[in-house]
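Please go through this model chain by chain.

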Amino acid sequence: MADPMKIRAVLKGDTVDVRVLMNHPMETGQRKDGGGNLIPLHFIQEITVRLNGKTVIESQISQAVSRNPVFSFRVKGAKAGDKLQISWLDNKGDRNSTETVIG
Amino acid sequence: MIRSTLSGTLLALAACTSVTIGEPPKLSERDLDEVYSALKRDFHARGIATMSRIEPDAAQRICNLHRDNPPAELAKPIEEAQLKAIQFPAGDLLGDWKRGQRIAESGIGMQWTDKPGPGGGSCYNCHQLSPQQESHGTLGPSLLAFGKVRGKGPEMQRYAYGKIFNAKAYNLCSQMPRMGHSGTLSEQQIKDLVAYLLDPASPVNR
Amino acid sequence: MRLARLSAAAAALTSVGAIALAQDTRKEIEKYQRMISDASPVELFELEGEALWKKKQGPKNASLEQCDLGLGAGVLKGAYAHLPRYFGDADRVMDLEARLLHCMITLQGRTRDEATKRVFGNEDKLSEMEYLSAYVAGQSRGVKMAPGMAHPKEQAAFELGRKTFFYRAGAWDFSCASCHGEEGKRIRMQDLPLLFKPEYARPVVATWPAYRVSNSQFKTMQWRLNNCYQQMRYPEPNYASDLTVALTLFLTATGEGEPYRGPGTKR
């Protein structure tokens, strides 16, 4: 299981500026280990952002994105006290999710 | 009013004991000893990088004392002594330029993370060599078309070999490391680099 | 709320790869650097550093919150910008890492060995020192760099740092000035700032510690000096030793007056 995501959400007016660090090896499936064997493909496929339970961003990314991706985005229509949830699903079926309250 | 003048004076006094910024210092024998002692105290051996590497030799000492610009009467004897100490191989000094290219590109060797034995020459760190390699440094002069301009005769081979083995035999305070003298490159590796520089078939000369 | 579908290209996701660029694509490098700074994980490392600052550790089960970084116990705002400086309780000049180490030992009761077991991290996990350095340095954003230069030991450290910068030694006869001593030079494709001149030192001291995009690692000044000496083919410097602090003081004093920009983002 992955480490909890580090998240920073700053509210400016009605827009929340979010930055989240997702720990993930994001293996391309093309690298070789010390023994010359291919390291299997292992990457985040989907990232979903929900505001107060309602999906506001649904994204699909590929193994072209490097390890420990940083996702930076803005959501309009947010206010203090809103719950912001970021979750991801990878190609092995592993999931991770983090929730923060916009302050 | 008085208070602000007083603090202004104190600031000025503090500035009087200030240090020199922006200028290289002129190092004395005592300064050399001070830095040497600090290196001995605050460094430790690791892997192949032993503490003997910080023992100063004549070339380093003279260059440190004279900001890399010593008077000729001090520099010449040391240059000559180093030139005499270069181990020139017998016979042809042209090796294989293809191996030479790999040696020139490689930046490993001689670090505390490296295994013992010959590594690379790190030549592209400082020099331009082949016109196709854009990722090159500018700390040293461009060596583009080195052999094309100078030919590959025995005199030039000897010069190129000697420069790589010990650049300081030719110019005491050169910034170029002494690749043979320091044990960084083997005799064969230097020959391969000589070929990379002088062989008409080498990319450097095409 | 509109549902936004984003492709990998559109989302501000950092992606790295070894990019070989020629001299005339310098503008592209600068554009890349700006984009990367915009979505840097540095602030997230600062959050982790804050948690470690407040975490009770060691035999004394204490946090670092009472650590005096030079402006008083627990005072963080502006502290990094005033380092390195002399500390009476240790009777030596200390940089950020030396001082953090001092607090780990004295406040938390930890040993030097334990606290320095893993000072340089990797892309999977930063070291405790790296997270803490990000946090503390971040608290000096906007503050002008003003290391200690009045105390005799500070001035002696500056002079030692300055002399060492120009002192040639090691298997390859290098000094710092061998690479950082002439204007307009580069090693491979990496430009080399003339670090003993204020106009070059200023932007450098204002952006360390820093995140290196190409390998996803966060690095401190102690690491930077360590890595330089490795490449200079010297033996290894002792972590947070007087000589490393002297060099950092020399560089910081040369860049004095520059407003600190916060932990930086580099190639």
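Predicted model: local features only at pLDDT ≥ 70, side-chain atom pairs only at ≥ 80, totals over all residues.

Residues are numbered from 1 along each chain as its sequence is written, while chains are lettered from A and ligands numbered from 1 in the order in which they are written.

**Contacts between chains**

- Two pairs of chains are in contact, and chains B and C share the most contacts. Two residues count as in contact if their C-beta atoms, placed from the backbone, lie within 7 Å.
- Chain A does not touch chain B; the nearest C-alpha atoms of the two are 16 Å apart.

**The B–C interface**

- Here 45 residues of chain B are in contact with 43 residues of chain C.
- On the chain B side, the elements giving two or more residues are α2 (29–42), β1 (43–44), α3 (58–65) and α6 (123–126). Helices (H or I, at least four residues) and strands (E, at least two) are DSSP runs, numbered from the N terminus.
- The largest share of that side, six residues, comes from α2(B).
- By class, the chain B side has 22 nonpolar, 16 polar and seven charged residues. Ala, Val, Leu, Ile, Met, Phe, Trp, Tyr, Cys and Pro count as nonpolar, Asp, Glu, Lys and Arg as charged, and the others, Gly among them, as polar.
- β1(B) runs antiparallel to strand β9 (residues 236–237) of chain C, and two bridges join them. Strands pair if DSSP finds at least two bridges between them.
- Phe43(B) has Pro237(C) as its bridge partner in β9(C).

**Chain A**

- Chain A has zero helices and seven strands.
- Its C-alpha atoms fill a box of roughly 55 × 20 × 20 Å along the principal axes.
- Of its 103 residues, 29% are buried, meaning that 20 or more other C-beta atoms, placed from the backbone, lie within 10 Å of a residue's own.
- Among contacts in chain A between residues at least 6 apart in sequence, 55% join residues at least 24 apart.

**Nonpolar cores**

- The largest nonpolar core has 74 residues. Such a core is a set of buried Ala, Val, Leu, Ile, Met, Phe, Trp, Tyr and Cys residues joined through C-beta atoms within 7 Å.
- Helix α10 (residues 242–254) of chain C gives the most to this core, with eight residues.
- Residues with the most contacts inside the core include Tyr80(C), Val136(C) and Ala246(C).
- Beyond its neighbours within four places in sequence, Ala246(C) is in contact with Ala157(C), Leu160(C), Gly161(C) and Thr164(C).
- A second, separate core has 24 residues, among them Phe43(A), Val49(A), Val65(A) and Ala78(A).

How values were computed
Buried ≥ 20, exposed ≤ 12 C-beta atoms within 10 Å, placed from the backbone.
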